[in-house]
Amino acid sequence: MSVAAQPLANDHAHEEGHHEPTFIEKYIFSTDHKMIAKQYLITGLIMGFIGIAMSMLMRLQLAWPNETFWIYEVLLGRFGEDGVMDPSIYLALSTIHGTIMIFYVLTAGLSGTFSNLLIPLQIGARDMASGFMNMLSYWLFALSCVVIVSSFFVEAGPASSGWTVYPPLSALPQAIGGSGLGMTLWLVAITIFIASSLLGSLNYIVTVLNLRTQGMTMTRLPLTIWAFFVTAIIGVVSFPVLLAAGLLLLMDRSFGTSFFLSDIYIQGEVLSYQGGSPVLYEHLFWFLGHPEVYIVLLPALGITSEIIATNSRKPIFGYRAMIASILAIAFLSTVVWGHHMFVSGMNPFLGSVFTFTTLLIAIPSGVKAFNYITTLWKGNLQLNPAMLFSIGLVSTFVTGGLTGIILGDSTLDINVHDTYFVIAHFHLVMGISALYGLFAGIYHWFPKMFGRMMSKNLGYVHFWITAVGAYGIFFPMHFIGMAGLPRRYYKFTEFPYFDDLADTNILISVFAFITAAAQIFFVYNFIHSIFYGKKAEQNPWKSNTLEWTTPVKHIHGNWPGEIPKVYRWSYDYSKRNKEDTDYIIAGQDFVPQNVPIQDNEEEMNE
Amino acid sequence: MTALLIILVAALLGITIWQISKIFKLSQPIESDDSQIATNEDNQKQGKIFLAFTVFLYGLMIYSFWSLSKFYAPGASSHAEDYDQLFFISLGLIMFVQVIIQFLIHWFAYKYRGKKGQKALFYADNDKLEFIWTIIPVITLAALIIYGLFSWSEIMNVQETDDTLVVEIYAYQFDWRARYSGEDGTLGEANVRFIEGINQLGLNESDPYSQDDIITTELHLPVDRQVLFKFRSQDVLHSAYFPFFRSQMNVVPGMTTQFGFTPTTTSKEIRNSEYMVEKVKNINEIRQNNDNLGPDEKDYEFEYYLLCNKICGVSHYNMQMKIVVETEEEYQKWISEQQTFGELTAQN
């Protein structure tokens, strides 16, 4: 089927040059996947800046809860009057920080950027299956960003019931100020976001299935594409459930239905809701919420698979096992949601079932980690910044993943549920790991996106400070969690028992500030390199995948002439000839996918 | 301590800036190759930094275990011992894996750093290896799952006996109440629709069982007697978290949830335990030096507490209830001094 699609696309390519795109067509309402990828990236990074800034305010508050800081008043206005942070805005910060980082930065910013950039380029397609849908997807995302940020300017404050927005707290403005207009805006923003995500995901799926170039069988796809493809499928399966939950919540809020509410007495008044169940909402939410973790993580793992193989100058170890584990993770991710609800009041028998499925997911995850390590083994590691971030990802993914074994065990979850142990766990395994994946991707494909190189030395500084800081924040955090320190607390001073944890909280905050400050190197490097970076060569990392066969200067349709044909998988790094005297192509340790099988080469059985 | 940390940060930042400026200086004149692709020298340097980073990472892990694991709260319920054992086995296992895997990752990053003329090994697959690292986690996890499930069903399936004390924990923004069933041993019917005036928990006044119910602001529990908690919420989700008893259950409006445990250590005993004496001493030293505290707040004495662990509103951070675990006699004495619901309503 991929063959049939090509002649059309070729014809399309010949139109190039007939029509000079206007500024608006080129930079704003562009339907070109490369431009849309850049739009996603820059929007995602801006959202990331906002999200991280929020976490800094929270860390400042947690480290010195009884001190005043003028910065609160500057940034939070009347919620920070006289330099004292209002407890309600602390909850709002944690809610919006979570929402922004998970949905806007790590879903759209990461998957949106690299799926758009790499799917057509790596499978050998002129563009996405539907450029228009793709453009629509981005602009819905941009609109959603505006809505969620605007909720900070609402009188009663933005949504403040945690990023999970559990009702009844999120349904009743009487329960917390943020559940008024702020919560409505949150629901509107997420609804638009889901529409954007679905348009994008369907497009990715169709493109991968239909527009692969000649010879690009599914088992020759780079692992990046496998990851994006499966991520898109998980998104299509699970996001609609969140939409349903959001709509039901909206109805409970606005039209008096009782899906999630029952028997409530608040502010001296019995409400009329009867028969609903907040636990139902938890089920619906986590049916998306847990796969969401893998929506965030799989693209990062796909990106690092590619970068680690390229920079190790070795094929990724166990290509088929990697695909199998992506598929296994995708399947299992939809049957483990209940591990967020061990103590929610659901039937304890279900807890047993979810413990079982949850711990199963450790197996494919373990296979991936071991395969990465074996890929490093006996390599010739080119320690570019992207490679450092990829190795960093393997490290944090293992550290964070291992504590999942404790949290996924229903018995052990009882006492660490909703404590800082959880915060430490998921920030390492999905927050930091996915961010490393994002950074790795940016450093690696920056030359493809902007035609220039990022400064490697600034990249090194950025990585090392971030690596030290990230562990400095989150490793000690497990221990305050084990002390029983609950999350989403505005301050801990109401419990004298926690007084001796204050120093550790300060230590964590200090690491957090250093880590955040290190991102300035990245921001400077990123912006400076777009305009003044060294001009990139066509294939700077000596990589095998098809995107490096396109010219540095972006053209509509990606390849000036015919679309390249594919003859091999993308991991023929350091492959030796039959006689074992040299590489297949003498003196060159890589064989791009569009190079036919050579005479002196043993063909791998595919 | 805070001042010391600030100085430490300033020093670290200073070192950072110094190092960065050094990198800038080093990178500019010497490097003729400004391709921004890692050179042989970069590989050497970054490989060595990986080694240094390994030292940092292991140092951090050792520091955390050495000086922070003391935060792990002592257990005081009959299943706490079982819980802690499973916890430490799991923790030991994951730390064992962690120590090995992190070493491999960083050691390989150092050992196989790119060198001129070095050739990578074309090594794409090995079914035997794949099988080994699939099957080992399968077996280990199977053991952990089975162990965990036994503990889980033991903790969650409370076998109620005649001796079991049934207590309702009632949550609302932002406080807790406890309701004891009184002499008849049965909690009276309740619903938020009955809330009126003094009847803050919404007991059905016409239900005879509710008359002898006792509503309190502190939770008193007799030691070594099984307690079954029935949780009820008036407004939003809360979570009743009893850290010392390794117990937690969400409190859900519209339904009753439950959790049971047997306290094994009285408040007095734990206060006099070596661990707690040491800890409280340390806390009181911190409190003496805290200028934000009034003179009467400086002396802290340990009490068990129940806290809210599910975001429930602006004062979520201060929703707690004191728990007293005492001998059966002390408990009987205390409960007999409390007012019953019938007496409460009769007064008004």
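User: What makes strand β1 and strand β2 of chain B a pair?

Analyst: Two strands pair if DSSP finds at least two bridges between them. In this predicted model, β1 (residues 165-172) and β2 (residues 175-180) of chain B share six bridges. So they count as paired, and the sense is antiparallel. One bridge joins B:A171 to B:W176 in β2(B).

User: Which sheet of chain B holds β1 and β2?

Analyst: An open sheet of five strands, ordered β3-β2-β1-β5-β8, with mixed pairing.

User: Why are β3 and β8 of chain B called edge strands?

Analyst: β3 (214-216) and β8 (257-261) of chain B each pair on one side only. Neighbouring strands of the sheet are turned by 25° against each other on average, direction ignored.

User: Why is α13(A) called roughly antiparallel to α15(A)?

Analyst: Angles over 145 degrees count as roughly antiparallel. Helix α13 (residues 385-407) and helix α15 (residues 420-450) of chain A pack at about 160°, with their axes 8 Å apart. That angle therefore makes α13(A) roughly antiparallel to α15(A). Their crossing is left-handed.

User: What classes of residue make up the contact of α13(A) with α15(A)?

Analyst: The contact has 14 nonpolar, 12 polar and no charged residues.

User: How many residues of chain A are in contact with chain B?

Analyst: 116 residues of chain A are in contact with 112 of chain B. Residues count as in contact if their C-beta atoms, placed from the backbone, lie within 7 Å. Helix α16 (residues 456-482) of chain A gives the largest share of chain A's side, 15 residues. By class, that side of chain A has 68 nonpolar, 32 polar and 16 charged residues.

Terms used:
Residues numbered from 1 in each chain as written. Chains lettered and ligands numbered in written order. Predicted model: local features only at pLDDT ≥ 70, side-chain atom pairs only at ≥ 80, totals over all residues. Helix = DSSP H or I, 4+ residues; strand = E, 2+ residues; numbered from the N terminus. Axes fitted to C-alpha atoms, helices over the stretch in contact; angles between N-to-C directions. Contact = placed C-beta atoms within 7 Å. Nonpolar A, V, L, I, M, F, W, Y, C, P; charged D, E, K, R; others polar. Parallel < 35°, antiparallel > 145°, perpendicular 65-115°, else oblique. Left-handed = near helix turned anticlockwise from the far one by under 90°.
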